[in-house]
Amino acid sequence: QVKLVESGGGLVQAGDSLRLSCTAPASGRSFNTDTMAWFRQAPGKEREFVAATVWHSGSTYYVYVADSEQGRFTIARGGARNVVNLQMNNLRPEDTAVYYCASRPKGDKDYRQGGEYDYWGQGTQVTVSS
């Protein structure tokens, strides 16, 4: 099964920053027009949407960030459009979770619903100490 490859997690202190990166395979399906997103799951909690990039046209993507992360997290596609990065600033202990990258073909499905994605990464741990 195709998997996305994530990197960039780690242990940081509150107020610090981290940048997560996710790379889709270079061969096989073209990911240029895919919706690529980040989700996270904290211990004992359900998986939740964090941010997404949705292809619009050409090299233009719309970006969406969960309300609770607005102003702290940003998402962007890399120069190679099979890459998506999540910049996380001013991290809080409640941001502690396993962060997952996901991808799905373009379409009108709700980008916030994890069940609509067909490719996932293995997850990367982010731990924020107070």
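Student: In this predicted model, what makes phenylalanine 39 and phenylalanine 49 buried or exposed?

Tutor: Phenylalanine 39 and phenylalanine 49 are both buried, which means that each has under 20% relative accessible area.

Student: Why are phenylalanine 39 and phenylalanine 49 called an aromatic pair, and what is its geometry?

Tutor: Their ring centres lie 5.8 Å apart, and the cut-off for a pair is within 6.5 Å. The planes stand at 75° to each other; because an angle over 60 degrees counts as edge-to-face, the pair is edge-to-face. Phenylalanine 39 belongs to strand β4 (residues 35–41) and phenylalanine 49 to strand β5 (residues 48–57), 10 residues apart.

Student: What makes phenylalanine 39 and tyrosine 117 an aromatic pair?

Tutor: The centre-to-centre distance is 5.3 Å, against a limit of 6.5 Å. With 75° between the planes, this pair is edge-to-face. The pair links distant parts of the chain, with tyrosine 117 in the loop between β9 (97–104) and β10 (119–121), 78 residues from phenylalanine 39. Tyrosine 117 is buried, as is phenylalanine 39.

Student: Which residues do ring pairs link into a cluster?

Tutor: The cluster consists of Phe39, Phe49, Tyr64, Tyr111, Tyr117 and Trp120. The whole structure holds 7 aromatic pairs.

Key:
Residues numbered from 1 in each chain as written. Predicted model: local features only at pLDDT ≥ 70, side-chain atom pairs only at ≥ 80, totals over all residues. Heavy atoms only, no water. Phe/Tyr/Trp six-rings, centres within 6.5 Å; stacked < 30°, edge-to-face > 60°. Helix = DSSP H or I, 4+ residues; strand = E, 2+ residues; numbered from the N terminus. Buried < 20%, exposed > 50% of the residue type's maximum accessible area, 1.4 Å probe, protein only.
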